[in-house]
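Come and look things up with me, one entry at a time.

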Amino acid sequence: PLPCGFPFSMPRFYFDLFLGWHSNIDEEGHELVRRRTAEFEAIRTAGELTRDRLFTLRDAIPEEIRIEVRNEHRWPVLTVTVSTRVDRADKRHSLE
């Protein structure tokens with residue numbers, strides 16, 4: 001254990017978002033307790049983005065949502081990818 005009053009800083013993680021052709025590079029990062037917490041946050045965020053896009057039907061085309069997580073040294077530590085693919089049996093009928 002660390003002595004009382006010992007300065008302790010949590011590791012910083014950066015979450016870069018890639019949505020189809022669009023990207024958002026995280027320049028500020030977030031302080032989190034450990035890598036497992038960063039993994040959970042990346043999974044949760046990817047799931048929420050997928051859900052939000054389906055509910056609003058905004059740009060509702062099959063595409064990949066990818067979140068790349070980097071550590072305080074800006075080195076990649078993990079990637080979460082959610083992909084939606086639609087295979088239609090009868091291509092003559094479109095969704096209405």
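How much accessible surface does the protein have, and what share of it belongs to carbon and sulfur atoms? I found about 7,800 Å² for the protein, with 55% belonging to carbon and sulfur atoms. Accessible areas come from the Shrake-Rupley method with a 1.4 Å probe, and for residues only the protein chains shown count as cover.

**Ground rules.** I noted that this is a predicted model, where local features need pLDDT of at least 70, side-chain atom pairs count only at pLDDT 80 or more, and totals for chains, interfaces and linings use all residues. Residues are numbered from 1 along each chain as its sequence is written, and side-chain values use heavy atoms, with hydrogens and water left out.

**Layout.** I found one helix and five strands, in the order β-β-β-α-β-β from the N terminus. Helices (H or I, at least four residues) and strands (E, at least two) are DSSP runs, numbered from the N terminus.

**Burial.** I looked up the buried share: 23% of the 96 residues. Buried means under 20% relative accessible area, exposed over 50%, and partly exposed in between (1.4 Å probe, protein chains only).

Two strands pair if DSSP finds at least two bridges between them. V69 has L78 in β5 as its bridge partner. Five residues sit between the strands of this hairpin, and R74 takes a positive phi near 70 degrees.

**The core.** Which residues have the most contacts inside the largest nonpolar core? I listed F13, F15, A38, A42, I67, V69 and L78, in a core of 13 residues. The elements giving two or more residues to this core are β1 (12–19), α1 (35–56), β4 and β5. A nonpolar core is a set of buried Ala, Val, Leu, Ile, Met, Phe, Trp, Tyr and Cys residues joined through side-chain atoms within 4.5 Å. In soluble globular proteins, nonpolar side chains tend to be buried together. Neighbours within four places in sequence aside, A38 is in contact (heavy atoms within 4.5 Å) with F13, F15, L32 and V69.

**A loop residue.** I then turned to G20, in the loop between β1 and β2 (22–24). Why does G20 count as partly exposed? Because its relative accessibility is 40%. G20 is 45 residues from I65 in sequence, and their C-alpha atoms are 6.7 Å apart in space. Leaving aside neighbours within four places in sequence, G20 is in contact with E63 and E64.
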